[in-house]
Amino acid sequence: MNDHMLVMLVAERLSAEADRLLEELQRRGSKVVRFNFDEFPSRTRAALEIVDGASTAWFDTGRSRWRADEVAAAWLFIPPVIDPPAEIAHDARDLAVSESLAFLEGLWATTDLHWLNHPRAISAASNRLVQMDVARAHGFRVPEALVTTSATEIRAFARDHPMGVVLKDIDLPFVVHEDRPFSSYTQVLDDVLASLDAARFAPVLVQERMAKKHEVRVFVIGDRVLAAGIDTAAHPEVDFRRHRFQVQLWEYDLSSALSRRCLEFARSFDLRYAAIDLAVDPAGEHHFFEVGPTSAWVWVERGSGLPV
């Protein structure tokens, strides 16, 4: 990389992953700039100028300013959550957020940046229905599932799966409320039975609940494949992420065949980074749960010693 070129981190202001990358890149002597999308457009700026058929993009954080053509590599962590100016009228906030997101998506698409991962790849890999389809095509075992707007069909699916049924989001793993992101975790169907009739308002993804010994987080980073075991026994809730800082982690030994499968799966989405979640059943078989194209990794690195 040219000594004068920059590495750009695009993340939330409080992102532990961006902090860790910034620290490591600076230790290696790289020149790093950071664009916090949750400060855009109220505290950070970006612009795109198109003149005589050529486009120029630049960024301004108030502390530093740089052009897109100065960036050699860029890293995007989770889809952006916009921070509209506080003084904007309440009825105009949705428009401001929508236009800001559309601008950033267009900016990423029309600037020639070397992404890890490219925003288009992140978008393509974020849909769980697509994930499950591609996982099956690569030979993964995938829990049985149903997507429907019928509460009757959901209850029938639950009756056919005596181990229980869980509800998952189809797309993004968080929701935005009053301009702030909140994590959306997998839920047991029994916990939401009273509100199940609301399924008629939007499709619901339900999946068979599995008996499992533990879970595995597999990281595909370029051509490297690393894995950490996750002991979920102490926190038997269906989604360990509620307690991810308390679970026991260890470096996990993947078979060469499973490592290749994970690598090929990530490459099918054109992901240079992927966090694949697997469950290990009592018989020792691995089952695909989901892939996160921007999933957090610092907590795994700190808990397991894995050199992510």
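I call a residue buried under 20% relative accessible area, exposed over 50% and partly exposed in between (1.4 Å probe, protein chains only). I take helices (H or I, at least four residues) and strands (E, at least two) as DSSP runs, numbered from the N terminus. With that I checked β18: seven of its seven residues are buried.

Ground rules next. This is a predicted model, so I note that local features need pLDDT of at least 70, side-chain atom pairs count only at pLDDT 80 or more, and totals for chains, interfaces and linings use all residues. Residues are numbered from 1 along each chain as its sequence is written, and side-chain values use heavy atoms, with hydrogens and water left out.

I counted pairing by DSSP, which must find at least two bridges between two strands. β17 and β18 run antiparallel, joined by six bridges. L278 has F288 in β18 as its bridge partner. Five residues separate the two strands of this hairpin, and G284 in the turn has a positive phi of about 90°.

**Helix α6.** I looked up residues 256–268: 13 residues, reaching 18 Å from first C-alpha to last, close to the 18 Å expected at 1.5 Å a residue. The expected span is 1.5 Å times one less than the number of residues. Which residues of α6 are buried? I found L258, S259, C262, L263, F265 and A266. They sit on the same side of α6, because they cover an arc of only 160° around the axis. I took that arc from the directions from the helix axis to the C-beta atoms. The cover over these buried residues includes α4 (128–137), β14 (214–221), β15 (224–231), β17 (273–280) and β18 (286–292). Just after α6, D270 takes a positive phi of about 60°.

**Cores.** I define a nonpolar core as buried Ala, Val, Leu, Ile, Met, Phe, Trp, Tyr and Cys residues joined through side-chain atoms within 4.5 Å. The largest has 47 residues; among those with the most contacts inside it are M8, F59 and W108. Strand β1 (residues 6–11) gives the largest share of this core, six residues. Apart from it lies another core of 27 residues, among them V134, A266, L278 and V291.

**H161.** I located H161 in the loop between α5 (151–159) and β9 (165–168). Is H161 buried or exposed? It counts as buried, at 10% relative accessibility. Not counting residues up to four places away in sequence, H161 touches E144 and E208, with contact meaning heavy atoms within 4.5 Å.
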